[in-house]
Amino acid sequence: MGRAYRVTVLAGAVWRLLSSRRLAIYLILAAVLLLLPAAFFPQPPPGLDPAAQEAWWAQCRARLGERVNALARIGWIGVARSPILLGVASALLLNGVACTIDRAGRLWRAATHPSTAVLPDGAYECAGVRYTNVDAARFPRELAWLRPVASPSSRVRYFYGERGRWGPLGTILSHLGLLLFLAAAVAHLAGYRRESLFLQPGTESWFGNRLGCRFTVSAAAKDAPPGSFWIEAEADGQRKRAPIAPARPARACGARLYLETYGLAWRAEVRAADGRVLPIDYPGGAGWLYFAEGQTAGAFSLPTEGITGTVVPSPAGLLGRPDEALQLRIYGPGEALLFDGTVEPTGQLSVAEVYLSWRTQVFVKLEAVVEPGFGWMVAGATCLLVGMCAALWVRPRRMWARWTADGVLSVVTNHR
Amino acid sequence: MDWLTEDTTLAAGAALALALGTVSAALQLLKSGATEERSGGTERARWFLGSGGYLLLLALAARGLAVGGWPFARRYDVLLLTVAALALFYALGIRGPGSTWAGVCAGLIATPTLVLTLLLTSSGVREPKPVPPLLGGIWFPIHVLATGIGYGGLALAGGTGLLQLVAGHEGPAENAFPDWEALQRQGLAWGYPWLTLGMLAGAIWSWESWGWLWSWNSKEILTLVTWGLFTLAFHTRRLSGWRGRPHAAVLTAGLVTLFLTLLVSRQVGQRALSGIEYVF
């Protein structure tokens, strides 16, 4: 019996601590004190893959020295994943849950079961507001919302009114919103994926999140704004076509696709007179010349023949139009100019006993993002905002009034 | 009539109106100790501060017309919006006892902020600039508008906290001090939901543009700190041991981080090098 009593007392004390506003204050203060210095230190950008993260930390160490480790341990660098912040946030959420449970019953009862509608006569005697010459059937305009509640006699009548009694429940709703944010954070940690996809027309890219989902890209209509493309996704035998542009993500295969960068890609095939395919070098060892953002010209070379060339797309072509003419220059050994002219995006040419054919395509780099926490976040945000507005802007007002036959209306209110 | 479309002229006029409003409220305080609720001085202050707010809205509208869209591409615009929100919130939203004190507070925050913004911003930076395509869509303007309106209310709450700390409750004229808590509550009740909406709209805008909701850059962290401090103020305002000066100190800290957030952009004070942004 004694032990059970001690356990009950202890549990009560723990519950009081957990549901106390004072604890919330200390926890919020701790979170703020941890976050404030973090604003002045570098934070790893979100969505980095493990290799990029490693590179980021290495770069950070190169800049800031070994103190990076100490700062990361405190949580001032990499604050988003700081164990201290996560601990404080978890405790805060626990506190929020306990506070909500602790107060929900009381607030619910107050909202659904208004207390007595008739006060003892003494309360009316010292009422702060008193009207004279009032007709019981016609109250002053500001009191028109009062309703009769009891009439013991025709000489004394009681009235009662209340407004906004649901307002305090807004606190509960906003705490519920914060809990939905917790669900969003859990879903984010468990299921957030971000992958870079590099696409060219005619080629396919597979998105690892969903087996069997593949994407292809095509240029948009000529009159579409620059950077507009069509993405075609195919999964489970079904095709979906969606437009994509900068800051206009497309949805496909349960992911959102963001246009990271785009441009023209040019590729040539060179054959000797005897039909042999000659090797061709592009910058960076790529199989194509890529004209990404800011890159207006590209060069290639045929090492076995001593031939070099430059390709300059038109300004419209650089905006992702594969059907625009290009400027092509080809130099032979000793920088001798073999060809200089405007050519079609797909064509062929014979110079210095080699046969050159080329084609031009657009390419896009996409970021495919799966964020399972987004829906939870929106639900949480809605609850938080609605609850906050209700709690802050809806003032619960209660009014008790007594009218006597001599025309005196005594009004007691619970608000100023 | 060309001068009317000059947003700088309008902003300078607003600065003058705000200064006059501040002086009116201060003179009223000196004269009557703010005991009269609807004194002439207080009403004059309200009129001047409100006019300043409207002139700033006109300046923003002129900038919007100049660029043919939302005029929120520069920090200058956001500062004008915040000062306008503060002045208009005071003029239209604060009534009852203590409104003269609130007028002094609103004026003392709004006037120097606007004057310094006008003086320290070069004409090149003041030039209206269209919003870049990446900032297009509906969420960016909602984010900026809601945050600016929220900052207006919270600046008043924080300012009254600072005033309470400076003026205190001590001294012979104790009964002349307003109900600080009621004034601060009005500022909090107005500003806090708007700031929250602004943050959420910002998160959705970021999601629409880049595919993440929160990127933990300096500005976002400082906004979170500001939001956290005002959340703290909601909890401290009626708790024994935290009422009064500790509560006022929390609000003052919120005011300081609010201005830090406004002044520190993603890159301000930070050197962006190979994707690393840092101050120290």
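# Exercises on a predicted two-chain model

Helices (H or I, at least four residues) and strands (E, at least two) are DSSP runs, numbered from the N terminus.

This is a predicted model: local features need pLDDT of at least 70, side-chain atom pairs count only at pLDDT 80 or more, and totals for chains, interfaces and linings use all residues. Residues are numbered from 1 along each chain as its sequence is written, while chains are lettered from A and ligands numbered from 1 in the order in which they are written.

## Exercise 1: confidence

Find the average pLDDT of chain A.

*Solution.* Chain A averages 84. Of its residues, 95% score at least 70.

## Exercise 2: where the chains touch

Describe the side of chain A that touches chain B.

*Solution.* 
1. Count the residues. Chain A gives 43 residues to the contact and chain B gives 40. Two residues are in contact if their C-beta atoms, placed from the backbone, lie within 7 Å.
2. List the elements of chain A that give two or more residues: α2 (21-38), α3 (50-64), β10 (255-272), β18 (354-370) and α9 (374-393).
3. Find the largest share. α2(A) supplies it, with 11 residues.
4. Sort the residues on this side of chain A: 34 are nonpolar, three polar and six charged. Ala, Val, Leu, Ile, Met, Phe, Trp, Tyr, Cys and Pro count as nonpolar, Asp, Glu, Lys and Arg as charged, and the others, Gly among them, as polar.

## Exercise 3: two helix pairs in chain B

Describe how α7(B) packs with α10(B), then how α3(B) packs with α4(B).

*Solution.* 
1. Take α7 (residues 139-167) and α10 (residues 245-263) of chain B. Their axes come within 7 Å and cross at roughly 135°. Axes are lines fitted to C-alpha atoms, for helices over the stretch in contact, and angles run from 0 to 180 degrees between N-to-C directions.
2. Name the arrangement. α7(B) and α10(B) are therefore oblique to each other. Angles under 35 degrees count as roughly parallel, over 145 as roughly antiparallel, 65 to 115 as roughly perpendicular and the rest as oblique.
3. α7(B) passes α10(B) in a left-handed crossing. That means the near helix is turned anticlockwise from the far one by less than a right angle.
4. Sort the residues of this contact: 12 nonpolar, six polar and one charged.
5. Now take α3 (residues 40-67) and α4 (residues 75-93) of chain B. They pack at about 150°, with axes 8 Å apart. The crossing of α3(B) and α4(B) is left-handed.
6. Sort the residues of the contact between α3(B) and α4(B): 14 nonpolar, three polar and three charged.

## Exercise 4: strands of chain A

Trace the partners of β3(A), then the sheet β13-β14-β15-β16 of chain A.

*Solution.* 
1. β2 (residues 147-150) and β3 (residues 156-163) of chain A pair antiparallel over three bridges. Two strands pair if DSSP finds at least two bridges between them.
2. β2(A) and β3(A) form a hairpin with five residues between them. R147(A) has Y160(A) as its bridge partner.
3. β3(A) also joins β19 (residues 397-404) of chain A, antiparallel, through eight bridges. Here Y158(A) partners R402(A).
4. In the order β13-β14-β15-β16, four strands of chain A form an open antiparallel sheet. β13 (298-302) and β16 (337-343) each have a single partner strand, so one side of each is left without a neighbour in the sheet.

Conventions. pLDDT = per-residue confidence, 0-100.
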